[in-house]
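Subject: Structure handover

Hello,

Here is the structure for your files. My notes on what was found in it follow below.

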Amino acid sequence: MGRRAISIALAVVCLAVLLGATGLFAISRETSYMQECASEGFAIDGYYRDDKTSRETLAFLEEDNHRWQLVDKDGSCVDGQFKRTDDPNILILKKENGEEFGTVHVAYISRRRDQGQIYLIRNTKVTRFYLVSTDPAFTVESGDVDLDS
């Protein structure tokens, strides 16, 4: 084998090792993030839309007294507070009057917070929502949208 062939082979092996190490680092980082969120809870703040009709929205803002709001396909709003359970990715939603509204299961929020899925369980109905924005958006009485930061 000539010097040139050995140099090319060595360069290819080095590149493969570098790419493999980079891939393992990325996998390790994502695994670490998922383990942390499984034990401590995903950051829920944001604005979600249902995946079937895209006409229902659900917003959360943990810093504002654990506030949540559902706007259904007819435009009616339900507001309240939520609390995390022993499983920090299960949230109990209560209306403003204290009546229990439903439960949310946070399935996944990406490390970059650009993707996510949650499930709202109320009565016997389960609705899947996907993350639209990490900026919560709440509808106010006038019908305007209040963008909280």
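Two strands are taken to pair if DSSP finds at least two bridges between them, and the strands themselves (E, at least two residues), like the helices (H or I, at least four residues), are DSSP runs numbered from the N terminus. By that rule, strand 3 and strand 4 (residues 77-84) form an antiparallel pair over five bridges.

On provenance: this is a predicted model, in which local features need pLDDT of at least 70 and side-chain atom pairs count only at pLDDT 80 or more, while totals for chains, interfaces and linings use all residues. Residues are numbered from 1 along each chain as its sequence is written, and side-chain values use heavy atoms, with hydrogens and water left out.

Overall layout

The chain has one helix and 10 strands, in the order α-β-β-β-β-β-β-β-β-β-β along the sequence. Of its 149 residues, 31% are buried, where buried means under 20% relative accessible area, exposed over 50%, and partly exposed in between (1.4 Å probe, protein chains only). The accessible surface of the chain is about 9,500 Å², and carbon and sulfur atoms account for 52% of that; areas come from the Shrake-Rupley method with a 1.4 Å probe, and for residues only the protein chains shown count as cover. Taking contacts (heavy atoms within 4.5 Å) between residues at least 6 apart in sequence, 38% join residues at least 24 apart.

Strand 3 and its neighbours

Strand 3 (residues 67-71) is largely enclosed by the rest of the structure, because five of its five residues are buried. Arg67, Gln69 and Val71 lie on one side and Trp68 and Leu70 on the other, so both faces are covered. Strand 2 also pairs with strand 3 in the antiparallel sense, over five bridges, and leucine 61 has arginine 67 as its bridge partner in strand 3. Towards strand 4, glutamine 69 stands opposite aspartate 79.

Each of these two hairpins has a residue with positive phi. In the hairpin of strand 2 and strand 3, with five residues between the strands, that residue is asparagine 65, near 60°. In the hairpin of strand 3 and strand 4, also with five residues between the strands, glycine 75 has a phi near 95°.

Salt bridges

How many salt bridges does a search of the whole structure find? The count is four, a salt bridge being a side-chain nitrogen of Lys or Arg within 4 Å of a carboxyl oxygen of Asp or Glu.

Arginine 128 is in strand 8 (residues 125-133) and aspartate 51 in the loop between strand 1 (46-50) and strand 2 (57-61), so the pair links parts of the chain 77 residues apart. Both ends are partly exposed, arginine 128 at 34% and aspartate 51 at 30%.

Glutamate 56 is in the loop between strand 1 and strand 2, and arginine 122 is in strand 7 (residues 116-122), 66 residues away. Glutamate 56 and arginine 122 are both buried.

Glutamate 99 is partly exposed at 42%, as is lysine 95 at 26%.

Regards
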